[in-house]
Amino acid sequence: MGSLAALNSTCFTQCSPFKLKDQLNCSKQRAVCIRASAVSSPSLKSENYRIGVLGASGYTGSEIIRLVANHPNFEITLMTADRKAGQPIGSVFPHLATQKLPDLIAVKDADFSSVDAVFCCLPHGTTQEIIMSLPRDLKVVDLSADFRLQDISEYEEWYGQAHRAPDLQKEAVYGLTEIYRSEIQGAQLVANPGCYPTSVQLPLVPLMKANLIEVKNIIIDSKSGVSGAGRGAKEANLYTEIAEGINSYGVTRHRHVPEIEQGLSEAVGSKVTVGFTPHLMPMSRGMQSTIYVEMAPGVSTEDLYQHLKSFYENETFVVLLNKNEIPHTRHVRGSNLCLFNVFPDRLPGRAIIISVIDNLMKGASGQALQNLNLMMGIPEKTGLSSLPLFP
């Protein structure tokens, strides 16, 4: 399938999972259009770029490979995976065996003169020194948490180790695409947001910037599929440990808390503290954040809805549903979409916001590709045309 850049005026009937209406018990069918970006994208460049994927044996790395396979301007010429070095990608991910890709190598053996840009899909703590050693002319999107927090002392507090690249941290641009698009376009290093912070900040930041909700008493209840924990073998993630049940984790101390609070605090210019509890769900991918907020005096849920509708009306990937429609994780699976909606709470003066994403796509690799497109001067929707998988 071609890029969304070629589909800005393409219409799908409402039975398409992209707009989900038929899955929400609506008998009517009407045409809906994929929407263009809020900022006019530059015309599609004809250049082809060589891409490196560091940490290609993990879930986010495999998603990058899958997405780039349909990208007209990007070609993967370098892939690293220290523990899988020397193996073809098909032996690690059989679903990618048909792709003509270089064998995996160790990071220490990588020749970075052979690439123009890099996706860094390595775990936090291992990324800083590697990125610091890369050629300065490379464009880098880092999917770890190492460059997300502006305050390196806060990074040390939450991640239990000192930040080893403080000067580089100052250069990093936070990659929440729809909010920081103009900054991302000129960036050399982008810190790709975490999955939970993406699902939370996309609906909340516009409301907080407009002073429509209070900065106090924000409660966030989030749920994620197991792929959010990575591909490493962990006893807690065995099938028998997670099937037929749910469980909370990281209670009061999840590492995405400071990232969420950083983004919300920047939106209002003062310190914001939230209540955040994540839960592990017995599904492979998908994420839902249910957010409880207190509205500013005189503000109604209709005001929240109309502001979000105006703010995101020209966005492709962030979609406010029709009133009363409830977002479902199964409606974004495999796509770069964030679907959300606003509901009145039974408690006077409060509202409920429900936001869903695919944690491996808009919550990681999809947003990373969106960001690199911007950095390379390519329309940001390129390579991200996949509709959600349903059922």
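Before we start: contact here means heavy atoms within 4.5 Å, and the model we're looking at is predicted.

Q: Which strands does helix α1 lie across, and at about what angle does it run to β4?
A: Helix α1 is residues 59-68. You'll find it lying across β3 (49-54), β4 and β5 (117-120). Its direction relative to β4 is about 155°.

Q: In what order do the six strands of the open sheet come?
A: The pairing in this sheet is parallel. At the edges sit β4 (74-80) and β7 (173-174), and each of these pairs on one side only. Reading across from β4, the order is β4-β3-β5-β6-β8-β7.

Q: Which buried residues of β5 lie on the side other than that of Ala117 and Phe119?
A: In a regular strand, side chains alternate between the two faces of the sheet. Both faces of β5 are covered, with Ala117 and Phe119 buried on one side.

Q: What is the bridge partner of valine 118 in β6?
A: Strand β5 is joined to β3 by four bridges, running parallel, and leucine 54 stands opposite cysteine 120 in β5. Four bridges also join β5 to β6, again parallel. For valine 118, the partner in β6 is valine 140.

Q: Helix α11 runs at about what angle to β6?
A: Helix α11 takes in residues 361-375. It lies across β3, β4, β5, β6 (139-142) and β8. Its angle to β6 is about 160°.

Q: Is cysteine 195 buried or exposed?
A: UniProt, in an unreviewed entry, lists Cys195 under "active site". Cysteine 195 sits in helix α7 (residues 195-209), and leaving out residues up to four places away in sequence, it touches His256, Met287, Ile357, Asn359 and Gly363. Buried means under 20% relative accessible area. At 12% relative accessibility, cysteine 195 therefore counts as buried.

Q: Within what arc do the buried residues of α10 fall, seen down its axis?
A: The buried residues of α10 are Thr301, Leu304, Tyr305, Leu308 and Tyr312. They line one face of the helix, because they fall within an arc of 95°.

Q: How far apart are the end C-alpha atoms of α10?
A: Helix α10 has 12 residues (301-312). At 1.5 Å a residue, it should span 16 Å. The model agrees with that, because the end C-alpha atoms are apart by 17 Å.

Notes:
Residues numbered from 1 in each chain as written. Predicted model: local features only at pLDDT ≥ 70, side-chain atom pairs only at ≥ 80, totals over all residues. Heavy atoms only, no water. UniProt positions renumbered as here; feature names shortened; annotations may be inferred. Helix = DSSP H or I, 4+ residues; strand = E, 2+ residues; numbered from the N terminus. Buried < 20%, exposed > 50% of the residue type's maximum accessible area, 1.4 Å probe, protein only. Pairing = 2+ DSSP bridges. Axes fitted to C-alpha atoms, helices over the stretch in contact; angles between N-to-C directions. Expected span 1.5 Å × (residues − 1). Arc of directions from axis to C-beta.
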